Protein chains: 2
Amino acid sequence: MKIAFIGTGIMGLPMAKNLQAAGYDIVLSDHFSAPPVELVTRGAMVCHSPKQATETADVVILMVPNTPQVEDVLFGANGVEEGLAATSDKLVIDMSSISPIATKSFAKRIKESGAHYLDAPVSGGEVGAINATLSIMVGGDQEAFDRARPIFEKLGKNITLVGDSGAGQTCKVANQIIVALNIEAVSEALVFASKAGADPARVRQALLGGFANSKILEVHGERMVEGTFDPGFKIALHQKDLNLALTGAKELEVALPNTENAQILFGECAKLGGENWDHSALVKAIEARSNHSIRND
Amino acid sequence: MKIAFIGTGIMGLPMAKNLQAAGYDIVLSDHFSAPPVELVTRGAMVCHSPKQATETADVVILMVPNTPQVEDVLFGANGVEEGLAATSDKLVIDMSSISPIATKSFAKRIKESGAHYLDAPVSGGEVGAINATLSIMVGGDQEAFDRARPIFEKLGKNITLVGDSGAGQTCKVANQIIVALNIEAVSEALVFASKAGADPARVRQALLGGFANSKILEVHGERMVEGTFDPGFKIALHQKDLNLALTGAKELEVALPNTENAQILFGECAKLGGENWDHSALVKAIEARSNHSIRND
């Protein structure tokens, strides 16, 4: 089976490598940049546009930065849609993290061209992409999901059909809301405890066994205590994700009071020069407001 | 060894029973209310004041509702302090959840009477008290902690000396901040996802495997989806705990922007009649603001 893979960056490259290693024929496009040598030397075919790659392949996977890039690859000149026109039964899977609302209209247009469409954003970061342990949150119909499942199983572990088109992206936004707010929660708790005179490392240790425990307390709480703020996941990317949450919430009339605060705090980190810090560095914004650092720095 | 146990309510009674079952001689006081029959029939001695109980016992444990009650038991007429006056080397352990700042002065006064003092609040609720699986967060010196450890081991599992006097209470406040904010985070995420058209139960399921995972997503997220809001832990009690956080933060000049929001949201639940709902019902405040329920109710 031939899989066109559009977007071979930090996430896309290791994902494409895993699919190639699993025996899929990978089809690339050099319309945006030269395709990765390591995929080409192992036999990947190189086309010159998403249209041509789509015509060549059975399945098209997108892994690009944001909504405008997905729109351009799908519906721009020489885009995926044009490659579908003469054919049928192809499967388009957008694994980027983009707007759930835009996704619904993208899915509708692709289906009108006779193809199937899944939104399937991931969480787990570069490490999850390399180790094929991504969580994959899928929106679309059961038939398309069943067809894509063998592909997903080469990329990740926790694979869930959440609902109809857009539900995968909605779930990813929900994921990013919780991750940001759990980071914010640990930040408030550790700054409070430290300024009250307690050792934040011991507080974190004491909290790991109870109801305050979370993946964020384990991983990001340790980064805060140690002061290791190399990404990881960049604040600038989390700002993009919370922007999807907040613009979506405005349209849907949903109250996200603490997500609004978290976005303000990420903005304060950016003003401190921290756009490329790991998102656990949100603690620095709480520290700055409290005139107190939890570390000896 | 004789342990005076002051405060045998929902938490204190099962804790005293576990200590009695482990072979400790339990000493009670009937100054506030008649002591539990089940402890007395198994041999607990009944005194008529905290003073008298303190004179009789080697160790005094307090498990009462809030700061004023601890102050009254320790320093009121016929209180613990009066029972210490003629003696020495007794150990006073406050396992209530109260103000970290008041705790520091309570510890100082008790130590001036020649006794040792530990603050040792717990988390894990009534179930943890019954099953002796409480988390115990301790403030005080190492010598007193070592002496108390065999007692703590009959009550809980995750036992941590966090720091000096007050550090246990500070840690408990940090715990309650994180628990409230993680509940708030799951509330925002599920209301967003549900109003965007995704099934909140499936969204929760998809998020359990990744960085959004937490004890709160597991336990309280399920309560939100199912609509089971019988306590558990009452909103009114969590309001008390966040009040400790917010008054402490004001004094310490620590920024707790999302804890402030969570307290407002608990207040909105209370206005809806929910003071005695489980704290996971905070989701109802986000639902009310968003004019959308995540359940078919």
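Predicted model: local features only at pLDDT ≥ 70, side-chain atom pairs only at ≥ 80, totals over all residues.
Figure 1. Side chains of opposite charge can then pair when their charged atoms come close.

**Figure 2. A buried salt bridge in chain B.** Here the partners are B:Lys240 and B:Asp241, and the N to O distance is 3.9 Å. Are these two buried or exposed? Both B:Lys240 and B:Asp241 are buried. Over all chains, the count comes to 18 salt bridges.

**Figure 3. A salt bridge that links distant parts of chain A.** The side chains of A:Asp89 and A:Arg147 meet in a salt bridge of 3.7 Å, N to O. The two residues are 58 residues apart in the chain. A:Asp89 belongs to the loop between helix 5 (80-84) and strand 5 (91-94) of chain A, while A:Arg147 belongs to helix 8 (residues 142-152) of chain A. With a relative accessible area of 43%, A:Asp89 is partly exposed. A:Arg147 also counts as partly exposed, at 30% relative accessibility.

**Figure 4. A:Asp94, tucked away in strand 5 of chain A.** Look for A:Asp94 in strand 5 of chain A. Its relative accessible area is 0%, so A:Asp94 is buried. Who surrounds it? Leaving aside neighbours within four places in sequence, A:Asp94 is in contact with A:Leu62, A:Val70, A:Tyr117, A:Leu118, A:Asp119, A:Ala120, A:Pro121 and A:Gln169. The side chain of A:Asp94 also makes a polar contact of 2.7 Å with the side chain of A:Ser96. For a sense of scale, take A:Leu208: A:Asp94 and A:Leu208 are 114 residues apart in sequence and 36 Å apart in space, C-alpha to C-alpha.

**Figure 5. A:Lys172, the annotated residue of helix 9 in chain A.** The UniProt annotation "active site", from an unreviewed entry, covers A:Lys172. This lysine is found in helix 9 (residues 167-195) of chain A. Is A:Lys172 buried or exposed? At 9% relative accessibility it is under the 20% cut-off, so A:Lys172 counts as buried. Apart from neighbours within four places in sequence, A:Lys172 is in contact with A:Ser97, A:Pro121, A:Val122 and A:Met137. With A:Ser97 there is a polar contact between side chains, at 2.6 Å.

**Figure 6. Where chain A meets chain B.** Each chain brings 63 residues to the contact: 63 from chain A and 63 from chain B. Between them the chains bury about 5300 Å², and 66% of that is on carbon and sulfur atoms. How many salt bridges cross the interface of chain A and chain B? The rule finds zero. Several elements of chain A each supply at least two residues to the side that touches chain B, including strand 8 (134-139), strand 9 (156-163), helix 9 and helix 10 (200-207). The largest share of that side, 20 residues, comes from helix 9 of chain A.

**Figure 7. The nonpolar core and B:Leu207.** The largest nonpolar core has 93 residues. The residues with the most contacts inside this core are A:Val203, A:Leu207, B:Val203 and B:Leu207. Zoom in on B:Leu207: leaving aside neighbours within four places in sequence, its contacts in chain A are A:Met137, A:Cys171, A:Ala174, A:Asn175 and A:Ile178. In chain B, B:Leu207 is in contact with B:Ala212, B:Asn213 and B:Leu217.

**Figure 8. B:His220 in helix 11 of chain B.** You'll find B:His220 in helix 11 (residues 215-226) of chain B. The histidine B:His220 is buried, with a relative accessible area of 2%. Setting aside neighbours within four places in sequence, B:His220 is in contact with A:Phe211 from chain A, plus B:Ile183, B:Lys215, B:Asp278, B:His279 and B:Ser280 from chain B.

**Figure 9. Helix 1 of chain B, largely enclosed.** Eight of the ten residues of helix 1 (residues 12-21) of chain B are buried, so the helix is largely enclosed by the rest of the structure. Among the buried ones are B:Leu13, B:Pro14, B:Met15 and B:Leu19. Just after this helix, B:Gly23 takes a positive phi of about 105 degrees.

Methods:
Residues numbered from 1 in each chain as written. Chains lettered and ligands numbered in written order. Heavy atoms only, no water. Buried < 20%, exposed > 50% of the residue type's maximum accessible area, 1.4 Å probe, protein only. Helix = DSSP H or I, 4+ residues; strand = E, 2+ residues; numbered from the N terminus. Core = buried A, V, L, I, M, F, W, Y, C linked by side-chain atoms within 4.5 Å. Contact = heavy atoms within 4.5 Å. UniProt positions renumbered as here; feature names shortened; annotations may be inferred. Polar contact = N/O pair within 3.5 Å; in protein donor to acceptor, adjacent residues only side chain to side chain. Buried area = accessible area lost by both parts, 1.4 Å probe. Salt bridge = Lys/Arg side-chain N within 4 Å of Asp/Glu carboxyl O.
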